[in-house]
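This briefing goes through one structure by topic. Look at the sequence and the model first, then read the points below.

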Protein chains: 2
Amino acid sequence: APVDKGVDYANYFCTYAFLYHQKEMLSDRVRMDAYFNAVFENKHHFQGKTVLDVGTGSGILAIWSAQAGARKVYAVEATKMAEHAQELVKANKLQDVVEVIQGSVEDIVLPEKVDIIISEWMGYFLLRESMFDSVICARDRWLKPDGIMYPSHARMWLAPIRTKLADQKMNDFDGALDDWYNFVDEIKAHYGVDMNVLTKPYSDEQKRYYLQTSLWCNLNPNQVIGRPAILKEIDCLTATVQDILNVQATVSSSITSESTKFCGYAGWFDVHFRGNTENPAQKEIELTTEPSEEYCTHWGQTTFLLNPPLSVGAEDDLIIHFSMVRSKENHRLMEVDLGCEIRQSSGNLLQPFTNKFHIE
Amino acid sequence: APVDKGVDYANYFCTYAFLYHQKEMLSDRVRMDAYFNAVFENKHHFQGKTVLDVGTGSGILAIWSAQAGARKVYAVEATKMAEHAQELVKANKLQDVVEVIQGSVEDIVLPEKVDIIISEWMGYFLLRESMFDSVICARDRWLKPDGIMYPSHARMWLAPIRTKLADQKMNDFDGALDDWYNFVDEIKAHYGVDMNVLTKPYSDEQKRYYLQTSLWCNLNPNQVIGRPAILKEIDCLTATVQDILNVQATVSSSITSESTKFCGYAGWFDVHFRGNTENPAQKEIELTTEPSEEYCTHWGQTTFLLNPPLSVGAEDDLIIHFSMVRSKENHRLMEVDLGCEIRQSSGNLLQPFTNKFHIE
Ligand SMILES: Nc1ncnc2c1ncn2[C@@H]1O[C@H](CSCC[C@H](N)C(=O)O)[C@@H](O)[C@H]1O
Ligand SMILES: Nc1ncnc2c1ncn2[C@@H]1O[C@H](CSCC[C@H](N)C(=O)O)[C@@H](O)[C@H]1O
């Protein structure tokens with residue numbers, strides 16, 4: 001079904017119209033340093049070139065592109081933030097180079113094709129928000145055949161983790177159910193209506209909320225209990241929407257910690273700025289959102305909890321079946337299936353299990 | 001402009017599709033007792049009669065109407081909550097009386113006109129959500145000429161208050177600005193972009209958020225420092241959408257507390273269940289959301305802060321100019337103008353002032 005623009009605005013774009021939200025992204029040092037270095041350590045890509053910034057927001061990437069020597073930068077932004085980008089461009093005296101265009105990148109018409117598409121399109125666990133669709137559309141329409149994508153590559157990662165959140169969320173869920181039973185008793189006692197028939201749907205609703213919705217976390221690396229696996233590699237120059245609609249992978253990971261609890265999975269991503277084959281980066285830059293003691297990003301990691309956690313030990317092998325599709329109700333949200341088989345280091349096979357999660 | 005149904009769902013209806021949210025309303029004892037008593041102390045209105053419940057949610061009001069003796073109840077609900085209402089009706093063995101219909105009340109067709117329209121349509125400060133529009137529409141189409149509205153009357157109230165929130169929000173706002181100045185310095189130092197041109201728009205955005213958005217509060221009665229005034233009286237049997245599009249009133253209130261701080265205004269509402277002239281209630285019931293030590297409602301009071309607060313004393317007179325219109329972006333939200341003139345008990349007239357607020 002085609003996406004209703006008004007609904008998409010109400011559900012998605014509206015938040016980007018706040019400077020508060022742009023500021024949060026602009027305050028993410030890992031993110032900022034990566035794009036800054038990618039541009040300024042590779043000025044040879046930009047000098048005298050034309051650039052399209054897909055989703056310019058405050059205008060920051062367009063401004064850097066211009067400062068790095070671009071001849072012309074088209075800075076496209078769907079929301080009213082475009083007005084602020086325009087002001088910022090002017091205040092930084094780049095109005096002769098940067099042209100801010102308010103509109104969906106899918107709808108705009110440029111007077112020329114561009115040498116570079118730069119965009120910060122990554123959502124939680126890379127693909128939430130489905131904004132890469134817009135970048136692909138822009139690329140297919142407006143990038144020259146020998147053009148460069150910034151970033152050029154992206155990867156999705158998954159690893160088994162331990163976290164107290166699993167028990168905590170289970171407690172929250174139990175508490176919500178206790179509360180519900182009291183509620184049913186009170187309504188019966190005071191108002192003569194038996195609500196018990198809604199216990200199952202209420203429990204399902206709360207379960208989805210507490211146990212089946214992915215969580216934002218910034219994990220400590222010591223919470224990662226097994227070898228991270230790559231779920232998906234994307235070449236931004238060639239990927240199609242078809243390629244990312246449905247991410248499916250079977251990966252293995254072996255537990256690296258001594259006897260510990262397997263409490264769930266963490267997903268994260270990295271992107272690279274490598275230029276292209278004919279015109280590689282002088283300095284390759286990586287932006288990673290992996291668990292780190294030093295560097296946190298606003299993306300954190302996307303955590304999927306297991307209830308209850310399982311006891312595992314070093315060298316237990318996990319085979320993980322991962323599948324992610326878009327939510328039927330909102331194409332910018334995701335639904336994840338995670339299946340797991342554990343072969344213990346003793347050779348013993350545990351009963352496989354699967355869980356469903358929503359990325360909201 | 002006509003309202004896009006998809007957008008209206010994304011902005012408004014979606015929350016009502018959660019049992020969690022219905023449960024919050026069902027747990028509001030003041031609300032529940034009022035409707036329960038209104039129905040069961042006035043069974044003579046219901047016995048053998050036909051009823052339309054506008055926005056039945058969980059189905060509670062429809063079920064009570066049936067239990068009070070209605071011959072037939074049409075229970076209309078826009079969201080999927082209708083399915084749960086249906087289950088609840090069946091579990092309470094009322095499926096022969098209560099007919100649950102999923103749809104907007106604006107779109108449905110009934111086989112007959114009804115004797116009673118019952119609805120819990122009140123939003124924060126009565127009119128937020130603009131759901132009374134739907135009740136008016138249902139009334140004009142489906143209520144018999146001698147039909148009864150439940151509730152039959154509604155009033156909006158306003159009073160001057162004192163609250164620590166005024167200083168607190170001012171501090172929050174100042175903190176947000178300090179933080180912004182640091183941010184501007186950092187971006188300049190690390191990334192060579194001057195963001196100062198966005199200081200004014202950022203400050204406006206934060207000001208709107210912290211100082212110009214109404215707040216939900218449950219005030220203690222001793223925080224009300226002057227006589228409450230009635231802003232609007234609505235006869236639910238005759239009111240038109242035109243009557244409530246724009247609520248304007250000039251009211252006076254005199255300060256009742258000894259020297260104190262005038263920190264803002266609190267708005268609340270009450271509704272009454274009185275039947276109609278030919279067929280009055282046997283027992284009139286009132287549902288009020290006024291500040292109370294004993295009884296809190298989920299509506300609380302809607303608070304509009306003054307920055308900075310003003311010193312006032314007993315018998316100072318306030319003339320308050322109130323105006324409330326719907327937000328252009330979302331007809332279910334409101335924009336409020338509050339003007340105030342203070343004549344001190346000494347006879348001295350203070351400089352009049354006006355403030356703008358958003359009810360979000
Ligand atoms: N299809 C589309 N067309 C135009 N803008 C889009 C878009 N999809 C998303 N956006 C915009 O893309 C931005 C992504 S956030 C990144 C903002 C900025 N480039 C920075 O790096 O700080 C948001 O402001 C969002 O409104
Ligand atoms: N135009 C409309 N048509 C049908 N349902 C509507 C409506 N506008 C609002 N509603 C529904 O009205 C309900 C209001 S909340 C009140 C629910 C229930 N009557 C109770 O008293 O507990 C919500 O469930 C909302 O989805």
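The side chains of B:Arg332 and B:Asp8 form a salt bridge, with 2.7 Å from N to O. B:Arg332 sits in the loop between β13 (317–326) and β14 (334–343) of chain B, while B:Asp8 belongs to helix α1 of chain B, so this pair ties together parts that are 324 residues apart in sequence. Both B:Arg332 and B:Asp8 are buried. The model is predicted, and the values below are computed from it.

**Salt bridges**

- Side chains of opposite charge can pair when their charged atoms come close.
- Over all chains, the count is 30 salt bridges.
- In chain B, the side chains of B:Glu120 and B:Arg31 also meet in a salt bridge, at 2.7 Å from N to O.
- This pair links distant parts of the chain, 89 residues apart: B:Glu120 is in the loop between β4 (114–119) and α7 (132–142) of chain B, and B:Arg31 is in helix α3 (residues 29–40) of chain B.
- B:Glu120 has a relative accessible area of 10%, and a residue is called buried under 20%, so B:Glu120 counts as buried.
- B:Arg31 is buried as well, at 5% relative accessibility.
- In chain A, a salt bridge joins the side chains of A:Asp140 and A:Arg139, with 3.0 Å from N to O.
- Are the two partners in chain A, A:Asp140 and A:Arg139, buried or exposed? A:Asp140 is exposed, because its relative accessible area is 53% and the cut-off for exposed is over 50%. A:Arg139 is buried, with a relative accessible area of 8%.

**Chain A as a whole**

- The secondary structure of chain A consists of 10 helices and 15 strands.
- Chain A has 360 residues, and 57% of them count as buried.
- Taken along the principal axes, the C-alpha atoms of chain A fill a box of roughly 70 × 60 × 35 Å.

**The second largest pocket**

- Rolling a probe the size of a water molecule over the atoms shows where empty space is left.
- The second largest pocket holds about 1900 Å³ of space.
- Its lining is made up of 45 residues, and A:Arg208, A:Glu329, A:Glu360, B:Tyr9 and B:Phe18 lie nearest the centre of the pocket.
- From chain A, the elements that give two or more residues to this lining are α1 (5–16), α9 (199–211), β14 (334–343) and β15 (353–359); from chain B they are α1 (5–16), α2 (19–26) and α6 (81–91).
- Which element gives the largest share of the lining of the second largest pocket? That element is α9(A), with 7 residues.
- Sorted by class, the lining of this pocket has 19 nonpolar, 13 polar and 13 charged residues.

**Around ligand 1**

- There are 21 residues around ligand 1, and A:Arg31, A:Gly55, A:Glu77, A:Val105 and A:Glu106 come nearest.
- An N or O atom in the side chain of A:Glu77 is 2.7 Å from an oxygen atom of ligand 1.
- The backbone also takes part: a backbone N or O atom of A:Ala78 lies 3.1 Å from a nitrogen atom of ligand 1.
- A polar backbone atom of A:Thr56 is 3.5 Å from a nitrogen atom of ligand 1.

**Around ligand 2**

- Ligand 2 is surrounded by 21 residues, the closest being B:Arg31, B:Gly55, B:Glu77, B:Val105 and B:Glu106.
- A polar side-chain atom of B:Glu106 lies 2.9 Å from a nitrogen atom of ligand 2.
- A nitrogen atom of ligand 2 lies 3.1 Å from a backbone N or O atom of B:Ala78.
- A polar side-chain atom of B:Gln22 lies 3.2 Å from an oxygen atom of ligand 2.

**Residues apart in sequence in chain B**

- B:Arg128 is in the loop between β4 and α7 of chain B.
- With a relative accessible area of 17%, B:Arg128 is buried.
- The C-alpha atoms of B:Arg128 and B:His331 are separated by 9.0 Å, although the two residues are 203 residues apart along the chain.
- B:Leu245 is in helix α10 (residues 241–245) of chain B.
- With a relative accessible area of 33%, B:Leu245 is partly exposed.
- B:Leu245 and B:Met324 are 79 residues apart along the chain, and their C-alpha atoms are separated by 8.1 Å.

Methods. Residues are numbered from 1 along each chain as its sequence is written. Chains are lettered from A and ligands numbered from 1 in the order in which they are written. This is a predicted model: local features need pLDDT of at least 70, side-chain atom pairs count only at pLDDT 80 or more; totals for chains, interfaces and linings use all residues. Side-chain values use heavy atoms; hydrogens and water are left out. On a 1 Å grid over the protein atoms alone, a cavity is a set of points where a 1.4 Å probe fits but cannot get out, and a pocket is an open set with protein on both sides within 12 Å along at least five of seven lines; lining residues have an atom within 4 Å of a point. Grid points are joined across faces, edges and corners, and a volume is the space filled by probe spheres set on the points. Helices (H or I, at least four residues) and strands (E, at least two) are DSSP runs, numbered from the N terminus. Ala, Val, Leu, Ile, Met, Phe, Trp, Tyr, Cys and Pro count as nonpolar, Asp, Glu, Lys and Arg as charged, and the others, Gly among them, as polar. A salt bridge is a side-chain nitrogen of Lys or Arg within 4 Å of a carboxyl oxygen of Asp or Glu. Buried means under 20% relative accessible area, exposed over 50%, partly exposed in between (1.4 Å probe, protein chains only). A residue is near a molecule or strand if one of its heavy atoms lies within 4 Å of it. A polar contact is a pair of N or O atoms within 3.5 Å; within protein, one must be able to donate a hydrogen and the other to accept it, and residues adjacent in sequence count only if both atoms are side-chain atoms.
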